Amino acid sequence: METALIKVKRQDDPEDLPYWELFEVQLEPGMSVARAIEVVRENPMTADGNRTAPVAHECSCMEGLCGACAMLINGKARLACSTLVDEFDGPITLEPLAKFPLVRDLCVDRSRIMEALARSECWIPLDGLHVAGCIPVYSQREQMKTSVFSDCISCGCCSEACPQVNGRSAFAGAFIFSHIMALNAHPLGLQSRDPRLALLGGRGGVADCAGAENCESVCPRGIPLAAAVARLQWEVALNSIRRYFWG
Amino acid sequence: MHKASPKIIVVGAGAAGMSAALAAVEEGASVTLLSLAEPFRASSARLREGIAAALDTAGEGDTAAMHAAETLRCGDYLAHEKRVKGMCDAAPGIVELLARMGVGFDRTAEGAIRLGKCGGATKRRLARAGRSTGVQVLTALAGQILHAQSAERVHVMPGWEFISLIIDDSGACRGVVAQNLRNMEIRPLAADAVIICAGGYPALLAKHAASVESDGAAIAACYAQGAAVANPEFVQFSPYAIDAAGKLRALPESSLAEGGSVWVERDGRPWHVLEEFFHESSGLVPRDIATRALWKAVRDAALTPDSRANAFVDITQLDPDAAAQLVAPFLDACDALAELDALREPVRIEPAVFATMGGLWVDARHASNIPGLFAAGGSACQYHGACIMAGNELLASIYGGMVAGRYAACTAERSGRAADSVSSDLMNAAKGREEDVVAHIAAQEGSENAHLIGRELGELLVESVWLEKDNAVLKKALEKIDELGSRFSKAQLPDRAEWANAELPFMRRMRRRFDLARLIVAASLGRDESRGAHFKPALPLRDDAKWHCITRGTWSASGPVLDFSERVEIEAELQKREY
């Protein structure tokens, strides 16, 4: 029976030191990395036959839509559920995302994604949940152009790949641009656009992006993040000019 | 804080839970939202298909009444008519609300919401947002939750698992006990009312296309504490799943309505089974009927008695440029299979469990039989009857969540069960009970493996409550469940860590799976007819005289107690479900 070797970077808790463990997994047809981790979890035995604790990891939908299983697979930020084991020849290295505080093994604390969305006011202020009686008209062309920016699953892969996301910067990652692009293009979101752009012009905003464009190449949803950054940098600049002349 | 604003705990931050929280906040409540992970990771993300509403932007004369009639018929008349009508009447308003929240629904040339065709509906009724409506709906709702949190009306607690209810001497629900999945702290939380929106139980079965967490643990916990479960025997399967990267994945059915076809390979040629059996109504066939027809064909077309033929969904005849938008969710679901180009070659499909129709028993206002306990979304049994119509899942979650949230907040004041009047003795006793459970799990000894037992239980359920049910098989399954249960008591906790131990919650959820599995099988055995997804070849007909009733199961130490006395209230004529 064919097997795959999986090398996992483990760490019992945030204060502890990391260590590596090697696992040998029997291949199943079309096996994903997430499934391989599950197999290890069911029978946590290292390749040299030692019992160990099950590998802690996150996963939910297993369809690439919830973003829970983002991790470093052979050094690249990817979703474990949508990465096939037989894509790789040698052993597969799994590490937790390094830009987020570690919880345990492959689990990290991604609450700063939610905090960044809250800081940038990524919502449309509503009058209430009642039926207002009219659906905002949204041009087909604009909706089709913007649709892809609504697809962000907040997995954190873009943050991981970004050299600007680090302990010294307030920048959380390019996902924020995707959310804001979608909101700003929306007919109701347009009304709350300017305050959002003003926030984006401040600390941790568009100016923090140095244009490495790594985010776009790792985004599991294929969101054109580089285009989003360029567009928003332009809009932030326009907005500050507008504010200067019109208040 | 405002004067005596009622305190509501919502369990689960999916489409239903976030809708419930927002509705409760609008009624003046302050809400604590418990969730396993951040709001946008919920299982609702998987609902690529869209949301059904009789908006009639295509000018076909669609009405909410037609939406309701088709929903009832698809569900084989096992849902109360008034409640289904209430949901379908509210549907256009809900789509409007989502659009106002920022969901980028596909648009027509005029900029109105473009409606897609969907299985089971005679009119265009599916509002869709790009390739993943579920993701967009969750993002929009999460935005509103963050907004409410910034105004200190909602407190989100991601990384906390609901364990059990706090029930007082009068039998009312006064809060929940939850566990922090990182530092493993067990904490009792008092509330005026609790709303369970933690999803259904499809992942209890081995062949499911749901989130791995949808194992019904929250339903089972409430059930064990006295909450009634309705229609547990109704498990939704669909023929349209693909095996992608070792996980079954639901394919959006709208691709078929938009011009795709389904066929079974026979003698090297496509056999269009549904068209042959159901003629012009082939696009309307509910999921359960389509699954049984296709899987009979798969057996019939096999070359040898013990092999089976393959079934395919085929969209290769669609114009590739138009298809990119028409069947965007379908292409998205196929995306994981790097080697597969759905526009060029047919996609091999498998039957899988998509969802469950059963759930906590609730009244018209989503209140359970336990005072102070509400449920919505996949955790409640309310709108789908015996089979779910595409597009109604998201709708029912959001509508049900809003009804539950509003009603829980409005009645909290009158109930006389304010959160701050919960005695610390009651809270500590509830916490102590859960600490005992943890100690009990930690003390389990033996050589059994809980994960493998979980898988065996899932396979057992597939064998017994799958496409066809047989009373003899079901009886045997009950014995088998007891056997697996006693084997589980010899399974050791594989991880002793006191930080971020995922095995302990898993073992606790496993303990409860047996109760729920027993209930599903016992109810399947009890209902001696065929209705929707519940099909007994020995009794192939629907029996309205005897079985037009809601199954109601309650827990007892000697096994589930079933009650079939609640008649389904429907004034419309019950049509034969022939297509």
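Let me start with a term: a polar contact here is a pair of N or O atoms within 3.5 Å, where, within protein, one must be able to donate a hydrogen and the other to accept it, and residues adjacent in sequence count only if both atoms are side-chain atoms. With that rule, chain A and chain B share 36 residue pairs in polar contact, both residues at pLDDT 80 or more.

Some housekeeping. This is a predicted model, so local features need pLDDT of at least 70 and side-chain atom pairs count only at pLDDT 80 or more, while totals for chains, interfaces and linings use all residues. Residues are numbered from 1 along each chain as its sequence is written, chains are lettered from A and ligands numbered from 1 in the order in which they are written, and side-chain values use heavy atoms, with hydrogens and water left out.

OK, the A–B interface. We have 65 residues of chain A in contact (heavy atoms within 4.5 Å) with 71 residues of chain B. The two chains bury about 5,500 Å² between them, 54% of it on carbon and sulfur atoms; buried area is the accessible area (1.4 Å probe) that two parts lose on being put together, summed over both. On chain A's side, A:Glu63, A:Met114 and A:Leu129 supply 14% of what that chain buries against chain B, more than any other three residues.

A:Glu63 turns up again in a salt bridge with B:Arg48, the closest N and O atoms being 2.9 Å apart. The rule (a side-chain nitrogen of Lys or Arg within 4 Å of a carboxyl oxygen of Asp or Glu) finds nine salt bridges across this interface.

Now, which domains does chain B have? The assignment, automatic or from a database, gives domain 1 (237–354) and domain 2 (427–552). Their centres, taken over C-alpha atoms, are 31 Å apart.

How many residues of domain 1 of chain B touch domain 2 of chain B? Nine, in contact with six residues of domain 2. These domains bury about 640 Å² between them, 74% of it on carbon and sulfur atoms. Here B:Phe237, B:Asp288 and B:Arg292 supply 67% of the area that domain 1 buries against domain 2, more than any other three residues.

And the polar side of it? Between domain 1 and domain 2 of chain B there are zero salt bridges, and one residue pair is in polar contact, with both residues at pLDDT 80 or more.
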